[in-house]
Amino acid sequence: MPLGLFIFLAAIAVLSALGVILQRNPVHCLLALVLTLLDMAVMFIGLGAVTVGFLQAIVYVGAIMVLFLFVIWLLNLQAEDRGGSRQLALKFFGVVGAAVLIAELFVFLVKAPSPAGMNHPPPLFGSIASLAGALFTNYLIAFEATSLLLLVAVIGAVALARHPAAAGSLSPAQGAQPVASGGSEARPVTPEHKAGGMG
Amino acid sequence: MAQLNLAAISYSWLPICPLAIVAVSAMIVLLVGVHVRDDESESLGALTLVLLSFAFMFTLGLLGRSGIAFAGAISIDNFATFFELTILLSVALVVLMSIEYAPALGISAAEYYALLLFSTLGMMLMATAGDLIVIFVGFELMSIGVYVLAGFLRRNVKSSEAAIKYFILGAFSTGFLLYGIALIYGATGTIKLAAISAALAGPLATNPLLLSGLGLLLIGFAFKVAAVPFHMWTPDAYEGAPTPVTAFMAVGVKLGAFAAFLRIFMVHLNLASAHWSWVLWVIAALTMTLGNLSALVQTNIKRMLAYSAIAHAGYILVGMAAAGPQAGGAILYYLLGYAFTNLGAFAVVIALERRGTAGDRISDYRGLAARHPALAGVMTLFLLSLTGVPPLAGFLGKFYIFSAALNMGMIWLVIIAVLNSVVSAYYYIRVIVAMYMQEGGAEPSPLDSRPALIAALTVAAIATVLIGLYPNPYMAGALHAFTSAFGAVSPTAALLVR
């Protein structure tokens, strides 16, 4: 990867990382985090770690970030409330944590071996082709079983989340009766978590 | 593009035939279920039974075969086949119990039977796995299906509570298991069980990384077999889940988890038994004692059977602590008898359960003998077998396990186990006393309209007596199954696995 490109990508990474912590709206913070992670994925690919780059994009941006977004929507988080006195302890520990991380980074950079002294991996190491080779030979059974596992998760989610009226053979009148001693009606969706909020 | 070296792997379909049949069956049931009307869901149960019997036939054909397939991911031997057959039989009984139960409670049949079959697939995968990744995926396949099944009564708060508790704690235990696998991989550089056991012969045997990995693996399995101190979820999950699912959890999940547990520890990590045997000693003693003492005070029969299941896991762990081929064979025999006995007991619970007021209190069993002598009779049979009264299956299972432990010099553990059996007699016989010597109680819904449940009860009762009266073929089969798995770990076999 040319040095200019790296500097460009690194600048975007730092800027978007700052965006994560400096913005007020959680959704904006999250979008900045997505940008950071995507930028890192591009860097990985530029450095030749194609598989890691794609995994970064798929797993972090595709799956984990969407999960974050769901949680934010579910809890209906608004712009954060700053300036409370109890935030002081949080800030203190944040500063201490950042200091520890910087110290660790410094130690690693000083002690890092020069690229010349490193073992070079075999040519196709970490490539998509070698990943596919491993998945479809040695780990074929685990791979296929995982696809079934995802199918089970989908079936289970549908079975649990389907509207009760659609489930089973109960007519609406029967369905309204509690099924067992501890039975209760399905909880109605209360409007309070929509109307409420922290802002 | 790198060329895939396909020739280096043996893609023999034979060893995974039963697995493939069960997987395809689950999808067939799901697809057919779309076209089956809700009031005809019995036919879906019947279809599931037919498909299961296909899988059973194919598995029977695998008896006596042994070998390694798919680069060591699948190891087929009589040990795996024995477990697969037992699991398939248990699931068939669970399906029989569900056929009339599911429509009565408004359970949507297609998803129910499909998830049951997928969980079965996970159990069979655990029984026949040759490496830790396949065991892990099988573990998850089994667990996720059962989490959902436990919460199938969506209008019932207890069912939802059972599913949530089981899911949260189960996910936690999966984390332990996966971390253990990662540490073992870090220590030995392989996930193939045969290669790990070969590595144990070398200087790695006391590697702290490997031993911590073993410890975490043990915690993961102890969660699934409900051993103390990882048993907290059991009573709530067993009580809240639909009763056929409870039976499935008490028997099927235990079979699957013990299959992998036994294969990893007693077969492949046998060389390191000095490191884990004493841990299992302690866990076994705690599990038996706590399970039996807690069962004494239960008033709900499903909770009582849950604590009884914990206690039985303790008896099996006594055999595991003894670590040897004799104990292994005894455990397999024990599990076979336990499966039928426990499924039978849960089938009686289903017979007494009714809509609205679930008849699952022990007081509901009062006077059952006067109203339904046959039902009370088979319940007595199952409870006596669980207690360990000769000549039923439960007695010989305990006898073989305890004598194997005695042969290994674990006198104190056997004394604790026998004392526990005496304690357990109290709460099992309390139900029998209620059925025969007390008045009142609940009226079970008429059995005449439930032929599938009667079939399940009959099969379980006959098997409980038969396995106890003619133990020799089963015990010989179990012993042979276990020793054949031992044979597969000879150094030459380990070398074959790359």
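I began with burial, for which I call a residue buried if 20 or more other C-beta atoms lie within 10 Å of its own. This is a predicted model, so everything below is read from computed coordinates.

**Entry 1: chain A.** By that cut-off, I found that buried residues account for 12% of the 199 residues in chain A. I then looked up the secondary structure, and chain A has eight helices and zero strands. Written along the sequence, the pattern reads α-α-α-α-α-α-α-α. I also checked the contacts in chain A between residues at least 6 apart in sequence, and 54% of them join residues at least 24 apart.

**Entry 2: helix 3 of chain B.** I moved on to helix 3 of chain B, which covers residues 78-104. Its 27 residues reach 40 Å from first C-alpha to last, close to the 39 Å expected at 1.5 Å a residue. I did find a kink in helix 3 of chain B, of about 45 degrees and centred on S98(B). How many of the 27 residues of this helix are buried? I got 26, so helix 3 of chain B is largely enclosed by the rest of the structure.

**Entry 3: S160(B).** Is S160(B) buried or exposed? I see 21 C-beta neighbours inside 10 Å, so S160(B) counts as buried. Leaving out residues up to four places away in sequence, S160(B) touches G151(B) and R154(B). I also looked up G240(B): S160(B) and G240(B) are separated by 80 residues in sequence, yet their C-alpha atoms are 7.4 Å apart.

**Entry 4: a helix pair in chain B.** My last stop was helix 12 (residues 301-322) and helix 16 (residues 393-407), both of chain B. Their axes come within 8 Å and cross at roughly 35 degrees, and the crossing of helix 12 and helix 16 of chain B is left-handed. Which residues make the contact? From helix 12 of chain B I listed Y315(B), V318(B), G319(B), A321(B) and A322(B). Helix 16 of chain B brings K398(B), I401(B), A404(B) and A405(B). Sorted by class, this contact has seven nonpolar residues, one polar and one charged. I jotted a reminder beside the list: an α-helix has 3.6 residues a turn, so residues three or four places apart point the same way.

Technical notes
Residues numbered from 1 in each chain as written. Chains lettered and ligands numbered in written order. Predicted model: local features only at pLDDT ≥ 70, side-chain atom pairs only at ≥ 80, totals over all residues. Axes fitted to C-alpha atoms, helices over the stretch in contact; angles between N-to-C directions. Helix = DSSP H or I, 4+ residues; strand = E, 2+ residues; numbered from the N terminus. Left-handed = near helix turned anticlockwise from the far one by under 90°. Contact = placed C-beta atoms within 7 Å. Nonpolar A, V, L, I, M, F, W, Y, C, P; charged D, E, K, R; others polar. Expected span 1.5 Å × (residues − 1). Bend = angle between axes of the 7 residues up to and from the residue.
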